[in-house]
Amino acid sequence: ASGLYAQDCSIPFTQPLFPYRVEANIPYDTVVRFDGATEVLHMDIHKPVGDGQLQRPLIMLVHGGGFIGGHRADMAEIGNALASFGYVAATISYRLNFHPPQLLPNPFPYDAAEVSRAAYRAQLDTRSALRFLRERGTADSSLVDRVMLLGGSAGAINVLHATFGNNEALRPAGTGEIGPVTLLSGTYPRPDLGPMMGVSTPEDIASIIAIVPLLGAIADTSMIDDPSGPAVYMYHQNGDPVVGCGHQHGLWGMPFDIGASYPLLFGSCMIDQRLQHLGYGPDRLHFTEVNGNAHEVVNEAAVVLEVANFLREQLCGIEASIGGKAPVGPAP
């Protein structure tokens with residue numbers, strides 16, 4: 001369907017061919033934090049220079065940090081790399097933090113709802129950022145109907161829920177209005193966080209053609225229900241003690257039983273089974289399962305190259321990647 005998009009596949013999108021520039025600190029939304037304060041969220045947009053493209057592939061990069069830390073600057077290096085490949089790469093900030101119990105620090109949560117609410121706020125912010133990027137597609141020369149998302153750890157959890165969390169019946173418990181948090185510092189109400197789609201429209205979500213959740217998990221695999229959904233590249237160590245690859249509480253392998261108040265999640269090993277059950281083939285599903293018990297990506301450079309080739313296949317068709325000779329002009 002050449003009328004749907006016009007990706008110029010004469011560019012490989014897998015190697016640094018262009019200088020790049022960064023448009024930094026762009027405000028994209030104003031939101032209410034966990035403690036009732038207001039926050040302005042920002043993104044940085046990394047763009048190639050001299051690439052000659054009028055419709056660049058658009059990828060959004062979501063940092064990790066357990067929903068309490070991390071910064072979009074953590075993704076700047078990969079944003080620069082992807083911009084040099086020919087992408088528009090946006091690194092986004094999202095709401096962080098949740099209430100810990102009295103006299104204990106984060107990552108201990110006040111109760112089981114606090115982590116779910118933090119992840120849900122992050123999902124809403126990611127969708128808001130996606131909508132913002134689609135609305136400014138002309139300014140970035142980006143192809144807004146073929147968007148990709150990449151995230152690691154909490155960022156991967158975020159990416160999975162922003163992509164697949166569309167069924168209001170599966171909305172995580174505790175994200176509606178619930179009882180307040182009461183601490184020595186005061187009482188903090190916990191209002192309804194709003195519908196799963198947030199400000200986004202179904203068109204925004206439908207524009208996602210591929211996601212790369214590294215060390216990620218989802219609250220419920222039945223959220224993934226479309227056999228023709230986005231392509232998925234996953235990476236996980238099967239003994240990961242922070243975000244389990246199977247069906248485990250977040251931080252399940254950490255000391256002091258921190259994970260007891262964290263939600264149960266389905267990691268990449270379970271998501272892989274779900275996607276295969278739905279009929280995803282190797283052209284749209286790649287899962288690198290590593291024997292190990294660390295929460296990290298081993299041999300990051302090789303994984304980045306593998307991811308770049310996988311995304312290239314989604315943009316231009318598998319023949320372009322395997323044959324090495326890319327078609328010129330609009331993709332089929």
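Which residue in E2 is the bridge partner of Val22? In this predicted model, that partner is His46. Residues are numbered from 1 along each chain as its sequence is written. Local features were taken at pLDDT of at least 70 and side-chain atom pairs only at pLDDT 80 or more, whereas totals for chains, interfaces and linings use all residues, and side-chain values rest on heavy atoms, with hydrogens and water left out.

The chain has a mean pLDDT (the predictor's confidence in each residue, from 0 to 100) of 89, and 91% of its residues reach 70 or more. Residues 1-5 have pLDDT below 50, and this stretch makes eight contacts (heavy atoms within 4.5 Å) beyond near neighbours in sequence. Where pLDDT is low, the predicted coordinates should not be read in detail.

Secondary structure was assigned from DSSP runs, numbered from the N terminus, with helices being H or I of at least four residues and strands being E of at least two. Strand E1 (residues 20-32) pairs with strand E2 (residues 38-48) in the antiparallel sense over 10 bridges, pairing being defined by at least two DSSP bridges between two strands. The two strands form a hairpin with five residues between them. In the turn, Gly36 has a positive phi of about 90°.

Asp51 lies in the loop between E2 and strand E3 (56-62). Its relative accessibility is 10%, so Asp51 counts as buried; the classes are buried under 20% relative accessible area, exposed over 50% and partly exposed in between, with a 1.4 Å probe and protein chains only. The side chain of Asp51 is joined to that of Gln53 by a polar contact of 2.9 Å. Such a contact is a pair of N or O atoms within 3.5 Å; within protein, one must be able to donate a hydrogen and the other to accept it, and residues adjacent in sequence count only if both atoms are side-chain atoms. Beyond four places in sequence, Asp51 touches Ile11, Phe18, Arg56 and Gly86.

Strand E5 (residues 142-152) has nine of its 11 residues buried and is therefore largely enclosed by the rest of the structure. E5 pairs with E3 in the parallel sense over six bridges, with Leu150 as the bridge partner of Leu61. E5 also pairs in the parallel sense with strand E8 (residues 208-214), over six bridges, and Gly152 stands opposite Leu214 in E8. Helix H4 (residues 154-164) is mostly covered, with 11 of its 11 residues buried, including Asn158, His161 and Thr163.
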